[in-house]
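Okay, thanks everyone for coming. I'd like to walk you through one structure today, so please have a look at it while I talk.

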Amino acid sequence: MRHLLSPLDFSVEETNRLLILAKDISENPKKYSKCCLGKKLATLFYEPSTRTRLSFEAAMLNLGGSVLGFSSADSSSAAKGESVSDTIRVISCYADICAMRHPKEGAPLVASTKSSIPVINAGDGGHQHPTQTLTDLLTIYCLKGHLENMTIGLCGDLKFGRTVHSLINSLVRYAGIKFVLISPKELCVPDYIREDVLDKNNIPYKEVEKLEDVMGELDILYMTRVQKERFFNEDDYLRMKDFYILDKNKMSLAKDDMIVLHPLPRVNEISVEVDDDPRAAYFKQAQYGVYVRMALIMTLLEVTLDE
Ligand code: NCD
């Protein structure tokens, strides 16, 4: 039995296989509509979510399966003091696979040690968000046709943004990837990403503060929200929250085939005037999130079309 706790739990070959399956699902969704008949997905969300939880549920329903779960710690027995370990032992009796989001880093890992069903990390604190990374990879793969030889700008809250951490972890395994890390100094990538992932793999990168200065170099611009819920101090959040606003003027400095991604939700960091730009791909990205989660559920449950 396998879990998905970090994007590195899948090798590059396995990741590519999953992306090819997801692309086929996106082109022929009906073909897969009965793959998970009789199977159940539990969504255990101790932190707010719209896309991740609902796209998991849509994915399982699209495969013919069913879903159950809770969408906040308050509406689960966590409010009575139950541990994640006990909860997962019980959920293992009710479902065939589960997706867990938790504010504490490592909670899905703890759950996986007590689980008898595959556990998918749907975001743990400021740590990792591997299924968002699969979504991002599928979007890039489908829109650009490949995952190699690209300059990727990551902009915003690179310190607390778990989607950024997972994406860097995964992309360093592809050839010819360069990063431009765009953030205020206070929100730059954590040392463990800079030293253990970028430096260790000899990945070319630079850290800058001004988005305008680098727009023209980028093949992908990955915007992120300042992660309000992870700040200790409200004043710091207020000072940082509108540091970057992508608008039409800044878009005019970008390449014609650059694409803009954002894991969403957006707050102010992308002006709505950019939404109609053909390079804005963040709503398409949300759609790809359903296909990639369908492929992931099939892979972890080891179901194939033939069964
Ligand atoms: C992201 C998350 O939860 O980390 N959202 C998502 O899953 N699409 C990004 C964010 O909340 O800013």
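Predicted model: local features only at pLDDT ≥ 70, side-chain atom pairs only at ≥ 80, totals over all residues.

Is Val-214 buried or exposed? It's buried, because its relative accessible area is 2% and the cut-off for buried is under 20%. Who does Val-214 touch, once we leave aside its neighbours within four places in sequence? The contacts are Val-180, Ile-182, Lys-206 and Val-208. There's also Leu-253, which is 39 residues away from Val-214 in sequence, with 8.8 Å between the two C-alpha atoms.

Next, the helices. Look at α6, residues 162-171: 10 of its 10 residues are buried, so the rest of the structure largely encloses this helix. The buried set includes Arg-162, His-165 and Asn-169, along with Val-164, Leu-167 and Ile-168.

Now compare that with α4, residues 107-114. Here the buried residues are Ala-107, Pro-108, Ala-111 and Ser-112. Looking down the axis of α4, you'd find those buried residues within an arc of 140 degrees, so they line one face of the helix. What does the buried side of α4 pack against? Its partners are α3, β3 (97-102) and β4 (119-124). On the face turned away from that buried side, α4 carries Leu-109 and Thr-113, both exposed.

Helix α3 covers residues 84-94, and Val-90 is part of it. Val-90 counts as partly exposed because its relative accessible area is 34%. Together with Leu-68 and Tyr-94, Val-90 makes a nonpolar surface patch of about 240 Å².

Over to the N-terminal end. Ser-6 lies in the segment before α1, which is 12-27. Its relative accessibility is 18%, so Ser-6 counts as buried. What lies 3.0 Å from a polar atom of the Ser-6 side chain? That would be the backbone nitrogen of Leu-8.

Asn-149 belongs to the loop between α5 (130-144) and β5 (150-155), and at 57% relative accessibility it counts as exposed.

Then there's Asn-202, where phi is also positive, near 50 degrees. Asn-202 is in the loop between α7 (191-199) and β7 (205-208). With a relative accessible area of 68%, Asn-202 is exposed too.

And where is the cis peptide bond? You'll find it going from Leu-264 to Pro-265, with omega near 5 degrees. Pro-265 lies in the loop between β9 (259-261) and α10 (282-300).

That's my tour, and I'm happy to go back to any of those spots.

Conventions:
Residues numbered from 1 in each chain as written. Heavy atoms only, no water. Helix = DSSP H or I, 4+ residues; strand = E, 2+ residues; numbered from the N terminus. Buried < 20%, exposed > 50% of the residue type's maximum accessible area, 1.4 Å probe, protein only. Polar contact = N/O pair within 3.5 Å; in protein donor to acceptor, adjacent residues only side chain to side chain. Patch = residues over 30% accessible without salt bridge, like charges linked within 9 Å, V, L, I, M, F, W, Y side chains within 5 Å. Areas by Shrake-Rupley, 256 points an atom, 1.4 Å probe, with all protein chains shown as cover. Salt bridge = Lys/Arg side-chain N within 4 Å of Asp/Glu carboxyl O. Arc of directions from axis to C-beta. Contact = heavy atoms within 4.5 Å.
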